[in-house]
Amino acid sequence: MPLPYFEVDVPIRSTEAPGLRGRHIFTGRAESRGAALRIAHEVYDAARAATEAGVEIPHGRPDGWGACGFRPGWELDWPAATACRWVNPCRWTKSSTFEL
């Protein structure tokens, strides 16, 4: 059975425009919430290192984790990050109250 998908939500704040805040979301397969947090942090660190080195950001890990970009000027608050099982809100297989 494949590992479940997790969503990791990390609060972010702009270092260039005080007061601007948001969330960065990572998703992928993991054994647990703790593993999901660790992997999301690894993916972020790899994206940051690649950007700083001027090379392409690695994506497409076999476990589904990856980064599509990196935004300088935003700081992620990893101690405040949360992880939970991800539920696809558009999943076609879930029960429906209407017929097509």
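These legends walk through several close-up views of a predicted model. Residues are numbered from 1 along each chain as its sequence is written, and side-chain values use heavy atoms, with hydrogens and water left out. Because the model is predicted, local features need pLDDT of at least 70 and side-chain atom pairs count only at pLDDT 80 or more, while totals for chains, interfaces and linings use all residues.

**View 1. Confidence along the chain.** The mean pLDDT (the predictor's confidence in each residue, from 0 to 100) of the chain is 87. Of its residues, 88% reach 70 or more. Confidence is highest in α1, at 95, and lowest in β2, at a mean of 92. Helices (H or I, at least four residues) and strands (E, at least two) are DSSP runs, numbered from the N terminus.

View 2. Spanning residues 33-53, helix α1 has 21 residues and reaches 30 Å from its first C-alpha to its last. That is close to the 30 Å expected at 1.5 Å a residue, where the expected span is 1.5 Å times one less than the number of residues. Its buried residues (under 20% relative accessible area; exposed is over 50%, partly exposed in between; 1.4 Å probe, protein chains only) include A35, I39, V43 and Y44. The buried residues of α1 pack against β1 (5-14), β2 (21-29), β3 (74-76) and β4 (82-85), with contact meaning heavy atoms within 4.5 Å. After the helix comes G54, whose phi is positive, near 75°.

View 3. The side chains of E52 and R48 meet in a salt bridge at 3.1 Å, N to O. Such a bridge is a side-chain nitrogen of Lys or Arg within 4 Å of a carboxyl oxygen of Asp or Glu. Both residues lie in helix α1, 4 residues apart, about one turn of the helix. E52 is exposed at 59% relative accessibility, whereas R48 is partly exposed at 37%.

**View 4. A salt-bridge network around R61.** R38, E42, R61 and D63 are linked in a network of salt bridges. R61 meets E42 at 3.7 Å, N to O. Because R61 lies in the loop between α1 and β3 and E42 in helix α1, this pair ties together parts that are 19 residues apart in sequence. R61 also bridges to D63, with the closest N and O atoms 2.8 Å apart. R38 has its place in helix α1 and is partly exposed, at 46% relative accessibility.

View 5. C68 is exposed at 81% relative accessibility, and C84 is partly exposed at 38%. The whole structure has 0 disulfides (pairs of cysteine sulfur atoms within 2.5 Å).
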